[in-house]
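Here are my notes on the model, as numbered points. Have the coordinates open as you read.

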Amino acid sequence: MFSRRDLIALAAATAAIVGPGRAARLAAQDRLSEADLLAFKPVGNVTLLHITDLHAQLLPVWFREPSTNIGVGEVRGLPPHLTGEAFLERFGIARGSAEAYAFTDQDFVELARRFGRLGGLDRIATLVKAIRAERPGRTLLLDGGDAMQGSWVTLQTKGADIVRAYRALGVDAMTAHWEFTYGTERVKEIVEELGFPFLAGNVLDTEWEEPVFESTAYFERGGVKIAVIGQAFPYTPVSNPRWMIPNWSFGIREERVAQHVEKARAEGAQLVVLLSHNGFDVDRKLASRVAGIDVILTGHTHDALPQVLQVGKTLLVGTGSHGKFLARLDLDVRDGAIKDFAFRLIPVFSDAIRPDREMAQLIEELRAPFKAELERTLGYTKDLLYRRGNFQGTWDDLICAAILEQRDAEIALSPGFRWGPSLLPNEPIRMEDLWAQTAITYPQVYRITMTGAQLKDVLEDVADNIFNPDPYYQGGGDMVRVGGLGFTIDVEQPIGRRISELTFLKTGAPIDPERRYVVAGWASVNEGTEGPPVWELVARYIEERKEIAVPRAGLVRVKSA
Amino acid sequence: MTDIKPRIKVPKTAKKGEIVEIKTLVSHVMETGQRKDAQGNTIPRRIINRFTCEYNGKPVCEMILHPAISANPYISFFLKVEESGTLTMAWYDDDGSVYKAESKIEVTG
Amino acid sequence: MNWSSAANRRTVIKGMGAGALAIGGIGWAIEPARADLAKAEKLLKELIGAKVPQEGKVRLEMPQIAENGQTVPLTVSVDSPMTPDNYCKAIHILAEGNPEAGVCTFKFTPASGRAEFSTRMRLAQTQNVWAVAEMSDGSVWMTKTEVKVTIGGCGG
């Protein structure tokens with residue numbers, strides 16, 4: 001149904017969006033069925049299935065897509081840097097439809113109540129099994145990483161729950177990012193336990209500069225030799241604690257990617273797939289510079305795109321996060337090239353899809369030892385709690401307010417993670433929900449003093465990691481969240497000039513560059529950081545109140561072109 | 001620093017005319033001469049300042065190192081092997097010490 | 001207002017929520033170092049005299065963002081046949097923003113077979129690194145690449 005004849009030209013000469021949405025049809029029907037979600041006119045001899053950035057969400061979630069997702073430089077206004085109405089308009093999705101709910105923040109609470117949660121690995125298993133049955137011997141299931149972080153169960157089992165679930169699901173290969181935060185030894189164990197390839201061609205040892213992991217796995221599907229090249233998150237040792245993996249070095253390593261592609265072609269691969277955790281903008285640039293990649297399955301930046309984006313001859317897929325979507329890309333591969341394709345990003349509407357019984361049982365088994373802790377209710381929220389977006393989400397505001405109070409700090413800093421599901425107004429807040437925002441291996445809340453000048457430096461540095469006009473210099477993630485602090489950010493400026501009007505919210509006075517402020521925050525990448533785990537503080541804060549109305553902990557004014 | 005011992009990775013064999021990669025590591029603090037100790041005194045510079053490589057006594061390459069080269073200097077480079085022979089390498093310390101390593105390469109086929 | 005410029009941040013900030021400076025410990029003195037183009041340009045003149053480097057032939061591979069400013073890998077290669085009458089004689093590495101502009105000089109012979117070497121270097125701050133190649137025919141070629149030394153991002 002979606003073919004390359006349906007090309008819609010985009011503003012950028014190198015990039016084009018391909019294929020119409022299914023919005024019109026879905027909009028007409030409130031009640032979705034499994035058959036609707038699986039509806040797909042197959043094409044060719046290969047079916048790629050892709051999930052990424054599951055963040056250990058084995059159960060269905062609410063997940064509000066961002067209201068702010070700014071693209072700078074050449075990608076300004078291009079997908080995935082579209083939100084809300086602009087997104088709906090670009091992809092022809094009707095407001096108030098099921099797809100509008102899945103793909104955007106529009107009317108989120110109302111539509112959430114209408115269409116229910118998305119995701120759940122048992123639902124994904126049902127879809128995968130159905131597609132495999134429809135396309136026997138032709139289907140390849142790939143995971144883009146960040147599967148083993150984001151829940152209490154996965155933190156406590158160091159990813160073992162996901163290893164079991166993915167083995168049961170029949171994942172064919174994966175790459176990684178947060179998986180590395182379990183440290184060198186555990187990652188080596190995981191690689192052994194998976195029973196399928198763990199691919200990371202861009203990781204070298206820091207001693208001899210030699211590969212640590214397999215870069216490429218070969219598969220035969222529908223008579224086509226497929227090379228899958230894995231690209232782990234290039235800035236893992238910058239964004240996450242390097243001391244946990246001191247002997248491994250990452251990076252984009254464009255030349256090395258090109259070498260892997262050449263080698264794959266030399267080995268007879270007719271289809272070359274990059275299973276990437278680079279982030280969308282990095283992959284878009286990579287696709288324009290490295291020849292010979294047929295498909296990039298993107299990850300890291302959590303962008304859900306209803307259509308394939310084409311850069312030169314390379315197809316880019318954006319599969320979203322948290323199990324909300326399963327990407328299906330059918331390919332007609334002949335003579336070492338893609339002759340035709342069809343694509344659908346299937347929203348995993350949990351109410352419409354029967355849970356796969358075996359997977360549902362396994363999930364229950366995996367959660368059983370932790371059930372009581374997970375279900376401990378702390379209070380309830382009057383307001384929508386969400387995180388995703390370039391700047392402060394309400395979950396972050398809550399975390400920052402808790403840190404300010406519980407650590408008696410003047411200013412709070414909270415990392416701009418892109419993961420963490422949402423909670424609807426009037427829902428209980430359980431420990432499981434809080435852990436879904438905070439469960440990491442370095443959760444200590446530090447308390448230090450910093451000068452105003454240092455604070456500005458931090459904001460400038462993080463802002464450049466997000467808004468550097470060259471994607472290769474972007475570290476991923478969203479802007480650091482703040483409590484007790486207000487600032488203006490002009491994303492178009494260079495480093496050192498983006499942040500202005502820093503305001504100390506307690507007094508309303510400008511932040512003094514010379515004065516020292518008491519700053520508390522969590523997720524420091526420094527070894528030996530001391531403090532209580534962030535979830536303890538936030539849990540206490542919620543329990544002491546029972547009812548949470550979201551306090552605006554930080555104020556950010558955004559300037560952009 | 002009497003225990004300074006270079007480590008090298010050199011292929012044992014090569015085809016005639018083959019270009020092979022040589023990798024080397026030497027444990028060395030590479031003290032920049034810019035740091036101060038707890039008493040505020042400048043810690044004197046001490047680095048490996050030069051590296052040389054010869055094959056059968058003929059020069060292959062040479063490197064001049066400044067304090068910006070990281071501790072435990074890593075150097076890798078290439079050699080075109082036309083005949084069997086011995087690769088000899090030397091690292092020159094600021095303090096006058098010279099650390100040496102050698103390895104044989106046999107031409108096959 | 002007296003904001004320090006983000007480009008010359010040298011203080012080690014312990015326990016940052018956003019990440020941590022990769023600088024400190026062994027290495028350069030903890031004192032402000034400003035990107036000093038003049039220093040690098042002066043050194044370049046000392047190395048190649050009055051010649052004007054041309055763009056091209058040289059490829060300098062470095063990470064865009066350093067993981068650890070104390071040890072940043074670099075690989076330089078020069079497009080050259082490496083024959084006795086046409087080869088790359090030397091590659092100089094210079095840094096704009098380090099206390100000293102000189103990093104290293106690598107001298108080749110035709111026996112090298114390939115004009116390429118790798119090493120690891122210290123970077124005191126975000127800056128451009130230069131690679132300058134001198135060829136046997138007297139021509140000089142050059143490239144620059146920027147490496148960011150960052151406090152850290154927010155890890156996706």
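**Notes on the predicted model**

1. Chain C has a mean pLDDT of 81, with 74% of its residues at 70 or more; pLDDT is the predictor's confidence in each residue, from 0 to 100. Over residues 1-34 of chain C the pLDDT is below 50, although this stretch has 112 contacts in the model beyond near neighbours in sequence (contact means heavy atoms within 4.5 Å). Where pLDDT is low, the predicted coordinates should not be read in detail.

2. Some housekeeping: residues are numbered from 1 along each chain as its sequence is written, and chains are lettered from A and ligands numbered from 1 in the order in which they are written. This is a predicted model, where local features need pLDDT of at least 70, side-chain atom pairs count only at pLDDT 80 or more, and totals for chains, interfaces and linings use all residues, while side-chain values use heavy atoms, with hydrogens and water left out.

3. Now the contact between chains A and B. It takes 4 residues from chain A and 7 residues from chain B. E207(A), W208(A) and E210(A) supply 89% of the area that chain A buries against chain B, more than any other three residues. The area buried between the two chains is about 570 Å², of which carbon and sulfur atoms give 56%; buried area is the accessible area (1.4 Å probe) that two parts lose on being put together, summed over both.

4. The rule finds 3 salt bridges across the interface of chain A and chain B (a side-chain nitrogen of Lys or Arg within 4 Å of a carboxyl oxygen of Asp or Glu). In one salt bridge, the side chain of K9(B) meets that of E210(A) at 2.9 Å, N to O.

5. Over all chains, the structure holds 54 salt bridges. R64(A) pairs with D105(A), their closest N and O atoms being 3.5 Å apart. R64(A) lies in the loop between β4 (60-61) and α3 (84-91) of chain A and D105(A) in the loop between α4 and α5, so the pair ties together parts that are 41 residues apart in sequence. Helices (H or I, at least four residues) and strands (E, at least two) are DSSP runs, numbered from the N terminus. Both R64(A) and D105(A) are buried; buried means under 20% relative accessible area, exposed over 50%, partly exposed in between (1.4 Å probe, protein chains only).

6. K371(A) forms a salt bridge with E375(A), with the closest N and O atoms 3.1 Å apart. The two are 4 residues apart in helix α14 (residues 371-375) of chain A, so about one helical turn separates them. K371(A) is partly exposed at 40% relative accessible area, and E375(A) is partly exposed at 38%.

7. Which residues are buried in helix α5 of chain A? In this helix (residues 108-115), they are F108(A), L111(A), A112(A) and F115(A). They cover an arc of only 110 degrees around the axis, which puts them on the same side of α5(A); the arc is that of the directions from the helix axis to the C-beta atoms. E110(A) and R113(A) are exposed on the face turned away from the buried side. What covers the buried residues includes α4 (98-103) of chain A.

8. Finally, look at H322(A), in the loop between β15 (314-318) and β16 (325-334) of chain A. H322(A) is buried, with a relative accessible area of 0%. Not counting residues up to four places away in sequence, H322(A) touches a list of residues including H55(A), H302(A), R418(A) and W419(A).
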